[in-house]
Amino acid sequence: MELKSYALAAARRMLRPILRILLKHGVMHSEVIELTKELYVDIARNDYGLRGRPTNMSRVALLTGLGRREATRVKNSLDQRTPPVPLANKQDRIARVLAAWYQDPEYLDADGKPRVLPLEGPAPSYQALIQRYGGDVPAITLDREMRRVKAVRPLEVDRIQVLRRNYRVATVEPEALTRASSVMADLGRTVHHNLYHAPAEDSRFEARASNINVPTTALPAYREFIYTQSQEFLEKVDAWLTRHESDAGATEVLRLGIGMYWIQDDQRKVAKP
């Protein structure tokens with residue numbers, strides 16, 4: 001079987017969870033077709049140019065299989081749009097603020113636990129914490145979102161308490177879809193890099209641990225094990241990233257981190273005697 005056939009077979013598996021999400025939200029086949037046209041044209045223009053220039057429309061049409069007129073229509077539609085804000089930006093900043101509340105010694109009490117903070121004033125205060133770790137996202141935006149998802153709790157006398165170190169949203173909310181897209185995009189970029197990186201480049205860590213013969217009765221113990229061990233590991237990663245965070249004078253920075261995900265097949269089978 002040629003590589004193109006393998007790529008199409010892989011796409012069937014990769015697209016299935018995405019299409020399940022789209023169907024849940026009433027996205028029609030015609031809308032997906034238009035979306036794929038936009039992505040094909042955008043990627044062909046930006047990833048397949050010569051000498052750092054965008055690909056010309058004749059080559060875009062050749063690469064994508066779209067007619068030149070249709071490819072130009074899609075390209076013009078993309079050019080007229082306002083560039084989107086990176087989806088992960090706000091959520092990453094919230095996660096960063098919450099992690100700092102658990103890690104920055106200035107915001108910990110004598111027992112190493114997160115302090116209850118005054119809302120305003122010099123550090124250590126809630127205002128100073130958000131200003132230090134919130135980056136370019138407006139402080140009022142971060143505050144509203146952390147209150148909305150109940151990551152923090154206002155107390156009497158203008159004080160506030162952190163309730164958890166992780167940013168989580170309910171699955172029925174728009175923010176949950178934003179987070180899901182960020183997670184899948186992160187994983188997809190790593191898989192793409194590992195498939196096609198140049199020989200001189202390092203691969204990026206991506207690995208799995210699974211077993212096809214685990215009794216269903218082990219699920220509760222597995223859940224406890226995974227949530228406990230994964231949280232401890234992610235806290236170590238948070239601490240490492242915080243220690244190595246760039247100061248304001250750095251000329252180049254990048255988003256860096258690691259993600260973890262649960263593996264479980266939907267279908268169950270009867271164990272062999």
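Reader: Is Glu70 buried or exposed, or partly exposed?
Author: Glu70 is partly exposed, at a relative accessible area of 23%. Partly exposed sits between buried, under 20% relative accessible area, and exposed, over 50% (1.4 Å probe, protein chains only).

Reader: What kind of model is this?
Author: It's a predicted model, where local features need pLDDT of at least 70, side-chain atom pairs count only at pLDDT 80 or more, and totals for chains, interfaces and linings use all residues. Residues are numbered from 1 along each chain as its sequence is written, and side-chain values use heavy atoms, leaving out hydrogens and water.

Reader: OK, which side chain does Glu70 meet in a salt bridge?
Author: Lys37, at 2.9 Å, N to O. Glu70 lies in helix α4 and Lys37 in helix α2, so the pair ties together parts 33 residues apart in sequence. A salt bridge here is a side-chain nitrogen of Lys or Arg within 4 Å of a carboxyl oxygen of Asp or Glu. Helices are DSSP runs (H or I, at least four residues), as are strands (E, at least two), numbered from the N terminus.

Reader: Which residues are linked in the network with them?
Author: The network of salt bridges links Glu34, Lys37, Glu70 and Arg73. Glu34 and Arg73 meet at 3.2 Å, N to O.

Reader: Switching topic, what about Arg132?
Author: Arg132 forms a salt bridge with Asp104, with the closest N and O atoms 2.7 Å apart. Arg132 is in helix α6 (residues 126–133) and Asp104 in the loop between α5 (88–103) and β1 (117–118), so parts 28 residues apart in sequence are tied together.

Reader: Is Asp104 buried or exposed?
Author: Asp104 is buried, at 11% relative accessible area, while Arg132 is partly exposed at 37%.
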